[in-house]
Amino acid sequence: MTLSVVYAILFYAATLLLVVGVVRKIIIYARTPAPLKIPVTPAPTTKAGVVWRMTKEVTVFQSLFKANKWTWLFGWMFHVALAFVLFRHLRYFQEPVWAIVALIQPIGQYAGFAMLAGLTGLWARRFLVDRVRYITSLSDHLMLALLVAIGLSGLAIKYLAHTDIVALKTWVLGLMYFDLQPLPSDIFVLLHLGLVIILMVIFPISKLLHVPGLFFMPTRNQVDNPREVRHTAGWTAK
Amino acid sequence: MTAKFDTPELFKNIEIIDTPKYEVDSMAHSSPYPAKAQHNEKLGFPGELVDNWEEKAVTRLGELVDGSRALRTFLDSCVKCGACTDKCHYYLGTKDPKNMPVARQDLLRSIYRRYYTFAGKYFPRLVGARDMDKSVLDEWYSYFHQCSQCRRCSVFCPYGIDTAEISMAARDIMDTVGHGQKYCNEILGKLQTIGNNLGLPEKALINTLEDLEEEVEEDTGVAVKYPVDVKGADVLLVVPSADFFAEPHIDGLIGYGKVFHQAGISWTLSSYASEAANFSMFIGSGDNLKKVAQRIRDAAEELGVKRIIVGECGHAWRVAYSFWNTLVGPFDFLDPNYPAPQHIVEFTYDLIQRGALNLDKEANDHRRITFHDSCNVARASRMGNIPGGQFILPRALITASANHFFDMSPETIHENTFCCGGGGGLLTDDLMEIRIKGAMPRMQALKQVVDEHDVNAMVAICAICKAQFSKALPAYQFPMDMITSLHQVVGDAIQLGTKD
């Protein structure tokens, strides 16, 4: 039960740091002015066009596809697989489980492997492509190591050393309703949860800020209409 | 500083530019002449490197980040995916890894991280953060003057991170602590005191244009006018001052005059605002950007014109199209039936659409033409009313004026265009090595159309591109006069006297 309490406290703290940290950054991004019109052209001339441009960037990584097919392949595979994996994990946070979550359960399991394959490809590039090796710092390796370790420990719980998944879910639901339950003390469970806690904590202070940052970049989210609509903000509004 | 160097070799029969293996610090020796105290002071910067410049530089960085959503998100979000690493013409031409866009950004990001992020404050080694010191400043001065702010990297970045913004910020910081670049700052000083980059005074300008009128009348037998300071003209034309004297720029100016002449639209140049260029953008200085733009607005109001049209100049068109309305707008004193400002290419295109110009394509039959998309036009502005009009309209002018047109390889044109190598404040002799090496990808693409289609003219719509190619073409064994102004091609096709 001590273990359960420790992990519970860590999870609450990590959630707080993640939410506060990311919300804080989003507020900072939103409040920082964009004084000039700097969309990279050709750019859409309407707001709807910008939504479509951003949708393509966020869902199919359009620009990355244009830039480098290998990076796109591994990067996109990782992100899509991660989305499935996260969605699948919703089942541990709800009772009853939504039909859609139950439906993608099989895909979500294979997605774990796809996620690792994508990460492996991305990591390999950091060693094999001289230019990418040059720009890689220690934190870039550690980030990949963390994500790979999360993936491996997760798959280990499923395929290597089964845990009492019902008990685990009871613990998670207990966290959500502030009614603490015992945590199965299998090594891979503790490892998996511990690594996820680390990921949550470093999210708002690392390059993972690309997730909120992406939506705020004036080069992509501005409408190309400087002659038609007078834009002012920050020092250009003074 | 401009010691001997080898011009990169062009490859035979390849369609895509080879990505070289990097050679560390191969361009570390490249650095422009620093500005003299008087050049810096004229623009409101300290004359020399100030005391505590390290602290002041860091403070200025903080101010810039607080004032620019772009800079802030760019510095936070890069994941080092490497998508940009093979996209910069300077990297491809020099092999110096610090010319990879992400590495160039990291020169500044490392300082941002050290002073403004949790990770960099407490774990600097882990995230590549470093203290601001003289070696950093020297590195900035070298490599932020190896960036032409052409935005090609941002096209390929999954988030749209634009190295141009980062290099502008770095130059702003260096100016703020008194370490400016001679070329940009000296020219901006001339512009603000005399009215143009050349320092060409009013009287000399008027003489030049009178000579031009005589020359054109001798050539064509038609009295085409090149008016200055004509109050009540319909159009104020603002051109880069290189158009008044340099080759092939001046042939473009001749062409503008022929277009106005045949269209029968009254126009004028201004001796007060005799410069479209605004190098303030290159040094990231908002104050100067606005001041220089204001001159043009003032001239337009003073002359009482109905429209403002901008000549063939890439960064000037970016400033005019994207920034003028913000900085010195609204232009409510102009005729609302026309966009303000308008590009000369838009103007000529409309006239052609209306059948207002008689063009004889055969007049250009000796030319086999390709078109170089200038970076600031391609990736930082627009022409016409649809996205990508900046690619369509200039080509439409060429094909309306000439029979032989061939585009270069698709990965080197439109928004993928390679910079000429001389943009962004690098068009100075003390940076000749980086300029020539940076021109390599464009020269490579040109070689292909020369080999395949016997192309003998490369048309451009940017004063910097034209001046840069006059140097780069001979370095790569092409004839210097291949570089041609768009309105020279149009002007040569106009059948003067047929609409009078």
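The legends below describe several close-up views of a predicted model. Residues are numbered from 1 along each chain as its sequence is written, while chains are lettered from A and ligands are numbered from 1 in the order in which they are written. In this predicted model, local features need pLDDT of at least 70 and side-chain atom pairs count only at pLDDT 80 or more, whereas totals for chains, interfaces and linings use all residues.

**View 1. Chain A has 12 helices and zero strands.** Helices (H or I, at least four residues) and strands (E, at least two) are DSSP runs, numbered from the N terminus. The C-alpha atoms of chain A fill a box of roughly 65 × 40 × 40 Å along the principal axes. Of the 238 residues in chain A, 31% are buried, where buried means that 20 or more other C-beta atoms, placed from the backbone, lie within 10 Å of the residue's own.

**View 2. Chain A touches chain B through 56 residues, which are in contact with 57 residues of chain B.** Two residues are in contact if their C-beta atoms, placed from the backbone, lie within 7 Å. On the side of chain A that touches chain B, the largest share, five residues, comes from helix 7 of chain A. The residues of this side divide into 26 nonpolar, 18 polar and 12 charged; here Ala, Val, Leu, Ile, Met, Phe, Trp, Tyr, Cys and Pro count as nonpolar, Asp, Glu, Lys and Arg as charged, and the others, Gly among them, as polar.

**View 3. Strand 3 (residues 307-310) of chain B has buried residues pointing both ways.** Arg307(B) and Ile309(B) point one way from the strand, and Ile308(B) and Val310(B) point the other way. In a regular strand the side chains alternate between the two faces of the sheet.

**View 4. Strand 3 of chain B pairs in the parallel sense with strand 1 (residues 235-238) of chain B over four bridges.** Two strands pair if DSSP finds at least two bridges between them. Ile309(B) in strand 3 of chain B is the bridge partner of Leu237(B). Strand 3 of chain B also pairs in the parallel sense with strand 4 (residues 342-343) of chain B, over two bridges, and Val310(B) stands opposite His343(B) in strand 4 of chain B.

**View 5. Chain B is divided into domain 1 (37-180) and domain 2 (188-493).** These bounds come from an automatic or database domain assignment. The centres of the two domains of chain B, taken over C-alpha atoms, are separated by 30 Å. The contact takes 23 residues from domain 1 of chain B and 25 residues from domain 2 of chain B.

Technical notes
A residue is buried if 20 or more other C-beta atoms lie within 10 Å of its own, exposed if 12 or fewer, and partly exposed in between; C-beta atoms are placed from the backbone.
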